[in-house]
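Colleague: Please show me the model. I would like to go through it by question and answer.

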Amino acid sequence: MSKVITLHEFIMDRQEDFPFASGELSRLLNDIAIAAKIVSKDVRRAGLLENFLGAEGNTNIQGEEQQKLDVIADKQFINMFKTGGEVCGIASEENDDFMAFDNEISREGKYVVLFDPLDGSSNIDVNVSIGSIFSVYRRKSESGTLANLEDMLQKGTDQVAAGYVLYGSSTMLVYTTGNGVNGFTLDPFIGEFCLSHPDMKMPETGRIYAMNEGNINICEDGIKEYIQTYCQQTLEGHKRPYSGRYIGSLVADFHRNLIKGGIYIYPDTSTDPEGKLRLLYECNPLAFIAEQAGGIATTGRKRVMEIVPDRLHQRVPFFVGSKKMVEEAMSCLK
Ligand code: AHM
Ligand code: MG
């Protein structure tokens, strides 16, 4: 029987891999894992608890209805970051503005975290997989001062760590610090994330495409061409088509494609000319993981991680997945 390696042990063993390592990033990743366990516990029991399912009654800055669990998860992560001492400020998909933590230990924190506390909102109430996504940057502002907007608006290439937690048939945490991608499954009996997917690699190609095809008529022609040429069966039935699989939870669709090979597409449409997904909370962290696993992430025209953000809640078209499949899709865009 091989030795069980917990996330905590793994992070400590790898500490020297981290740029500017002095232990803070290790502690921050451990704090994220603890917050993820708390959120996982809430997600797993949501159907049994009063006030956990359904809409909160508010909309976020993007005009989307917040679910109660969105808000609960947001508070759990913020509380962990605020009290941990490694983070000087955060920005979350659920909050209008970023937060600079104004307490003594946080002002010294080296990092900022940008995150989507619970992604896949439309699946929360129906017991379908959802996830949390996070992205970690070194602050640009002086240590000891308050975090500012410039700390938050960094390019994806500046990320020092990124990851996601998938609340699926099991809870998994997958992360990278720029030295490959590793996946850990939460063992509910011992309450630890244990290494289950070492050195994850995204297959160079695959047979799965994930897109909300309800939007096909409001997409540019190149998207239609890609779906018809590469993904769908021809009328004569000559071509073996890809399989369409769309969960509608980005983390879950991405995770499946990471393991099996595939492409996820959320393009711009005539009704959402910038696309739907958020650059800072969703696209950059998954782009970092995809690239570290050998995949690609683009807007269809440009590498996602090279975009210089100009606002917190910026949206971008998103094509992510197996290298060959994303290249095929890009070849159809004019
Ligand atoms: P959310 O952050 O409000 O949950 O929105 C992001 C989600 C993604 O997880 C998912 O892939 C996409 O939105 C689904 O959107 P749609 O319902 O338009 O297909
Ligand atoms: Mg989201």
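Modeller: Strands, rings, charges, cysteines and a surface patch follow in turn.

Colleague: What kind of model is this, and what pLDDT do local features need?

Modeller: It is a predicted model, in which side-chain atom pairs count only at pLDDT 80 or more, totals for chains, interfaces and linings use all residues, and local features need pLDDT of at least 70. Residues are numbered from 1 along each chain as its sequence is written, chains are lettered from A and ligands numbered from 1 in the order in which they are written, and side-chain values use heavy atoms, with hydrogens and water left out.

Colleague: How many of the 7 residues of strand E9 are buried?

Modeller: Helices (H or I, at least four residues) and strands (E, at least two) are DSSP runs, numbered from the N terminus. Buried means under 20% relative accessible area, exposed over 50%, and partly exposed in between, with a 1.4 Å probe and protein chains only. Strand E9 spans residues 181–187 and is largely enclosed by the rest of the structure, because the buried residues number 5 of the 7.

Colleague: Which residue in E10 is the bridge partner of Leu186?

Modeller: Strand E10 (residues 192–197) pairs with E9 in the antiparallel sense over 5 bridges. In the hairpin of E9 and E10, with 4 residues between the strands, Gly191 has a positive phi near 70 degrees. The partner of Leu186 in E10 is Phe193.

Colleague: What geometry does the aromatic pair of Phe10 and Phe184 have?

Modeller: Rings of Phe, Tyr and Trp (its six-membered ring) pair if their centres lie within 6.5 Å; planes under 30 degrees apart count as stacked, over 60 as edge-to-face and the rest as tilted. The whole structure has 8 aromatic pairs. For Phe10 and Phe184, the distance is 5.1 Å centre to centre and the planes stand at 70 degrees, making the pair edge-to-face.

Colleague: Where do Phe10 and Phe184 lie, and how many residues apart?

Modeller: Both Phe10 and Phe184 are buried. Ring pairs also link them with Tyr175 into a cluster. Phe10 sits in helix H1 (residues 7–13) and Phe184 in strand E9; this pair links distant parts of the chain, 174 residues apart.

Colleague: Why is the pair of Tyr246 and Tyr264 classed as it is?

Modeller: At 33% relative accessibility, Tyr246 is partly exposed, whereas Tyr264 is buried at 3%. Their ring centres are 6.3 Å apart and their planes at 25 degrees, so the pair is stacked.

Colleague: Which residues are linked in a network of salt bridges with Arg278?

Modeller: A salt bridge is a side-chain nitrogen of Lys or Arg within 4 Å of a carboxyl oxygen of Asp or Glu. By this rule there are 17 salt bridges. Arg278 forms one of them with Glu93, with the closest N and O atoms 3.4 Å apart, and both residues are buried. The network links Arg278 with Glu93 and Glu282.

Colleague: In which helix do Asp253 and Arg256 lie?

Modeller: Asp253 forms a salt bridge with Arg256, the closest N and O atoms being 3.0 Å apart. Asp253 is buried at 0% relative accessible area, and Arg256 counts as buried at 15%. The two are 3 residues apart, about one turn of the helix, and both lie in H7.

Colleague: How many disulfides does the structure hold?

Modeller: A disulfide is a pair of cysteine sulfur atoms within 2.5 Å. Cys231 is in no disulfide; its nearest cysteine sulfur, that of Cys332, is 8.7 Å away. Cys231 is buried, with a relative accessible area of 1%. The number of disulfides is 0.

Colleague: Which residues make the nonpolar surface patch of about 210 Å²?

Modeller: Patches are made of residues with over 30% relative accessible area and no salt bridge: like charges are joined within 9 Å, nonpolar side chains (Val, Leu, Ile, Met, Phe, Trp, Tyr) within 5 Å. Accessible areas come from the Shrake-Rupley method with a 1.4 Å probe; for residues, only the protein chains shown count as cover. Val128, in the loop between strand E5 (111–119) and strand E6 (130–138), is partly exposed at 32%. The patch is made by Val126, Val128 and Ile247.

Conventions. Pairing = 2+ DSSP bridges.
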